[in-house]
Amino acid sequence: MSITNKFNMNLLSRSSNEGFARSVVAAFAAQLDPTIEEISDIKTAVSEAVTNCIVHAYKDGIGKIYITCEIIDGNKIRIKIRDNGCGIENVEKAMEPLFTTVGGERAGLGFAVMQSFTDGITVKSKVGKGTTVTMVKRIIPKFTVNA
């Protein structure tokens, strides 16, 4: 695996930062010349991951969200979104569609959405320590015709 570009950022777990995070990641991904659909997929997956940090990890206050993006293997973006929040007791259960710990208007589809809009996702978590969500999205190379 070859990393050709990378950035790191951190921000507070405020809902006003969710749109900022997805826009920054989308701007970074633009160097791979993605389609509008691919950019939309990336933005949706990032939104879900950041929202999970805001709603679940730091439900009783404000904490930091750490985002790392890497361009790997020439045509993939790897996005890591990490928090130091409450952690997930049972990751396998949390990744089941419709599972939620907060109820109300939350549908419990965050991880399912992340999975459907990326080519791979891993979730690592420790109760009381935090969670890291790593997503990979492959950008399909465009063919050009030489004139």
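The model is predicted, so local features need pLDDT of at least 70 and side-chain atom pairs count only at pLDDT 80 or more, whereas totals for chains, interfaces and linings use all residues. Residues are numbered from 1 along each chain as its sequence is written, and side-chain values use heavy atoms, with hydrogens and water left out.

The secondary structure of the chain comprises four helices and five strands. Helices (H or I, at least four residues) and strands (E, at least two) are DSSP runs, numbered from the N terminus. Along the sequence the pattern reads β-α-α-β-β-α-α-β-β. Of the 147 residues in the chain, 43% are buried; buried denotes under 20% relative accessible area, exposed over 50%, and partly exposed the range in between (1.4 Å probe, protein chains only). The accessible surface of the chain is about 8,300 Å², and carbon and sulfur atoms account for 51% of that surface. Areas were computed by the Shrake-Rupley method with a 1.4 Å probe, and for residues only the protein chains shown count as cover. Among contacts (heavy atoms within 4.5 Å) between residues at least 6 apart in sequence, 65% join residues at least 24 apart.

The five strands form an open sheet in the order E1-E2-E3-E5-E4, with antiparallel pairing. Two strands are taken as paired if DSSP finds at least two bridges between them. Strand E1 (3–12) and strand E4 (120–126) stand at the edges with a single partner strand each, so one side of each has no neighbour in the sheet. From one strand to the next, the twist averages 10°.

E1 and strand E2 (residues 64–72) run antiparallel and are joined by nine bridges. Within this pair, Ile65 of E2 is the bridge partner of Leu11, and Ile67 of E2 is the bridge partner of Met9. Seven of the nine residues of E2 are buried, so E2 is largely enclosed by the rest of the structure. E2 is joined to E3 by eight bridges, again in the antiparallel sense. In the hairpin of E2 and E3, three residues lie between the strands, and Asp73 takes a positive phi near 55°. The bridge partner of Ile72 in E3 is Lys76.

Lys76 is partly exposed, with a relative accessible area of 25%. Its contacts, leaving aside neighbours within four places in sequence, are Leu32, Glu70, Ile71, Val136, Lys137 and Arg138. Lys76 stands opposite Arg138 in E5, and E3 and E5 pair over eight antiparallel bridges. E4 and E5 are joined by seven bridges and run antiparallel. These two strands form a hairpin with three residues between them, in which Gly128 of the turn has a positive phi of about 80°.

Helix H1 (residues 18–29) packs on the sheet, where H1 touches E1, E2 and strand E3 (76–83), and the direction of H1 makes about 170° with that of E1. Axes are lines fitted to C-alpha atoms, for helices over the stretch in contact, and angles run from 0 to 180 degrees between N-to-C directions. H2 lies across E2, E3 and strand E5 (130–138), running at about 10° to E3. The axes of H1 and H2 come within 9 Å and cross at roughly 145°. Residues making the contact include Ala21, Val25 and Ala29 of H1 and Ile39, Val46 and Val50 of H2. In the loop between E1 and H1 lies Asn17, which is buried with a relative accessible area of 19%. Not counting residues up to four places away in sequence, Asn17 touches Leu11 and Leu12.

The largest nonpolar core has 36 residues, and those with the most contacts inside it are Val25, Ile65, Ile67, Ile77, Ile79, Ile81 and Met135. The largest share of this core, nine residues, is supplied by helix H2 (residues 36–57). A nonpolar core is a set of buried Ala, Val, Leu, Ile, Met, Phe, Trp, Tyr and Cys residues joined through side-chain atoms within 4.5 Å. Not counting residues up to four places away in sequence, Ile81 touches residues including Val46, Val50, Ile65, Ile67, Val133 and Met135.
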